[in-house]
Amino acid sequence: MLIVVRAGRAAEVRAIFDRFELAAAEIGTIKDEPVVRCRAGGELVCEVPGRVLVDDAPTYEIAGAAPPERDADLAGLAAELPSAETLLALLGAPNARDRRPVWRRYDHMNGTNTLVGPGAGDAALVRVKGTTRALALAIDGPGPARLGALDPYLAGASAVVEGALNVACGGATPIGITDCLNFGSPETELGAWQLERAIDGIADACRVLELPVVSGNVSLYNETPEGPILPTPVIGTVGLMEDRSLALGMSWREGDEIWVLGDDPDDAAALAASELAWSRGHRGGRPSLDVAAAARLVGLMPALARDRVVSAAHDLSVGGLGVALARMAIASDIGATVALETALPTAALFGERGGRVLISVPAATAAPVREALKMAGVASRRLGVAGGSEVALHVGTARLTLPVKDLTASWRTPF
């Protein structure tokens, strides 16, 4: 990693590296001259204009081609009556289950500054000592895990939205991202197209959300004789919270109203690239995402936290609404009663269209929340009330009742 240190402050930076036993070496000085000179053993070995390494650097010209669209008939699956067994299976699936067996093997605390650790919220929260501030940190990919196989542009945009919502659900305002692009060979028509479209998706979503990309890296040529990996853009997002006492967690409280924010996925296409659809062999479809609507939601969440009108928040991702409700019930160890009118119950419960958030609202603050949603232009639906030891879901004509302890057991399925 290369860093630039302000003149006269090298000793301070050196002390930080020494404290954490990290190797570091001073390798050069910035000059008021547009030339880069490198020496080895005192001998000049390189002297080039700086512009040659940036604006005038040679660029690759790659030629990509989109593959044939993968269509899928998701109408039958969307109209199915969901079962408790399906929800438990999704909650225990490798892409949704508890990551504790992974993160507990590492030092997941930043000294004594970690306020919200792994699994306790959508983003980690770290205090900035000497201030009231905190930084929210999240690393995530596109909401539907297989989105890149169907639409790499949407996968890039969705990854940005997912990261922004993660930090916003904690009450922080997103201020920047870093990207990690994991793809197959860019030398094939398919690989070049996937890489180019994913980058375009990231760039366009960042413009809408007004987020700078401050760094990034790529991992290419990830292939085996069976073919390349699925296109997987991963986004690291940093958010800033001015007053960390206003941080939101995932735990609702007895009697809270439960609302879902964002457009309803009452159509079969919401299942495209979803965990459920792929587990049933439906490997196609036409997913969609309204980035502008998601951006309004990202802007609204920190304001709701500052106004202290919501008690918890969690974004909808893998497993859709069903898994999100279960996760909040597990986090709080409190059940809920939820009713959702729909003709497509499986799509409504397990569709994974991005840009949606679950919130819990104390009854006393429902009116100001409703007004804030109206002013921000964010769609919403009141789903039910938190309470009890079971999650009772009335979705269309389907009736599911699951004890929170059973949801917890499925979510903690070991790897």
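This is a predicted model: local features need pLDDT of at least 70, side-chain atom pairs count only at pLDDT 80 or more; totals for chains, interfaces and linings use all residues.

Trainee: OK, what is V160 in contact with, leaving aside neighbours within four places in sequence?

Mentor: V160 is in contact with I177, I202, A205, C206, L209, L211 and I235, once neighbours within four places in sequence are left aside.

Trainee: And which residues touch the most other members of the largest nonpolar core?

Mentor: V160 is one of them, along with W252, I258, M301, L358, I359 and L393, in a core of 93 residues. By nonpolar core I mean a set of buried Ala, Val, Leu, Ile, Met, Phe, Trp, Tyr and Cys residues joined through side-chain atoms within 4.5 Å. Buried is under 20% relative accessible area, exposed is over 50%, and partly exposed is in between (1.4 Å probe, protein chains only).

Trainee: Which helix gives the largest share of this core?

Mentor: Helix α6, residues 152–169, with ten residues. Helices (H or I, at least four residues) and strands (E, at least two) are DSSP runs, numbered from the N terminus. Another core of nine residues lies apart from the largest one, and A136, A138, A172 and M241 are among its members.

Trainee: Switching to S158: where is it, and is it buried or exposed?

Mentor: S158 sits in helix α6, and it counts as buried because its relative accessibility is 5%. Its C-alpha atom is separated by 9.4 Å from that of P233, 75 residues apart along the chain.

Trainee: What about T237? Which strand has it?

Mentor: Strand β10, residues 232–241. T237 is at 1% relative accessibility, so it counts as buried. Not counting residues up to four places away in sequence, T237 touches A136, L137, A138, G163, A164, V167, P174, G176 and I177.

Trainee: What's the strand order in the open sheet of six strands?

Mentor: The order is β3-β4-β5-β10-β6-β7, with mixed pairing. Two strands pair if DSSP finds at least two bridges between them. At the edges are β3 (114–116) and β7 (213–219), each pairing on one side only.

Trainee: How many bridges join β4 to β5?

Mentor: Four, and the two strands, residues 124–127 and 134–140, run antiparallel. A124 has L137 of β5 as its bridge partner.

Trainee: Last one. Where is T365, and what does it contact?

Mentor: T365 is in the loop between β14 (357–361) and α12 (366–376). Its relative accessible area is 15%, so T365 is buried. Leaving aside neighbours within four places in sequence, T365 is in contact with R308 and V309.

Methods: Residues are numbered from 1 along each chain as its sequence is written. Side-chain values use heavy atoms; hydrogens and water are left out. Contact means heavy atoms within 4.5 Å.
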